[in-house]
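Student: Before we go through the labels, please show me the model.

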Amino acid sequence: MSNKVKIMLVICFTAIIVILEIILGNCTDEFIDKTSKQLEDLKIALLEENSEETKKKSKELSNVWDESENKLCYFIEHDELEKISSKIAIISENSTNSEYKLALEDAIETRYLLEHVKDKLKLKMKNVF
């Protein structure tokens with residue numbers, strides 16, 4: 001195989017990897033942003049200590065996360081997804097039991113975990129090496 005062919009193969013593989021990274025990054029951002037939006041709505045209800053609204057928002061958060069998790073599990077570490085899933089389950093339980101402060105603390109931590117997953121998948125030098 002000549003050097004030109006080898007160089008062309010390397011360029012093609014690199015281009016494919018970059019294109020896949022962009023597609024997966026956009027999908028991840030979309031799902032995480034949707035979940036973050038639901039989380040922010042729930043945080044507002046928790047601050048108001050509105051029982052009916054927190055139950056409704058926590059259910060919506062769980063539904064959105066279940067949908068997102070089913071798609072994200074194909075290309076994100078399951079350990080990261082399990083951390084978020086368990087936090088969302090705890091938030092739902094605390095919201096149902098009117099433990100607003102505990103649910104709010106977990107919502108803040110869940111927001112951090114979502115941003116961590118989003119940042120972890122970006123193509124950055126610190127993530128490559």
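Student: How do you know that H1 reaches close to its expected length from its first C-alpha to its last?

Tutor: H1 has 46 residues and reaches 67 Å, close to the 68 Å expected at 1.5 Å a residue. The expected span is 1.5 Å times one less than the number of residues; helices are DSSP runs (H or I, at least four residues), numbered from the N terminus. This is a predicted model, in which local features need pLDDT of at least 70, side-chain atom pairs count only at pLDDT 80 or more, and totals for chains, interfaces and linings use all residues. Residues are numbered from 1 along each chain as its sequence is written, and side-chain values use heavy atoms, with hydrogens and water left out.

Student: Why is Lys43 called buried?

Tutor: Buried means under 20% relative accessible area, exposed over 50%, and partly exposed in between (1.4 Å probe, protein chains only). Lys43 has 18%, so Lys43 is buried.

Student: What is Lys43 in contact with, leaving aside its neighbours within four places in sequence?

Tutor: Lys43, in helix H1, is in contact (heavy atoms within 4.5 Å) with Leu104, Ala107 and Ile108. The C-alpha atoms of Lys43 and Glu105, 62 residues apart along the chain, are separated by 9.5 Å.

Student: Why does Leu9 count as partly exposed?

Tutor: Leu9, also found in helix H1, has 38% relative accessibility and therefore counts as partly exposed.

Student: Which helices are included in what covers the buried residues of H2?

Tutor: The cover includes H1, helix H3 (78-96) and helix H4 (100-120). Among the buried residues of H2 are Leu61, Val64 and Trp65.

Technical notes
Helices (H or I, at least four residues) and strands (E, at least two) are DSSP runs, numbered from the N terminus.
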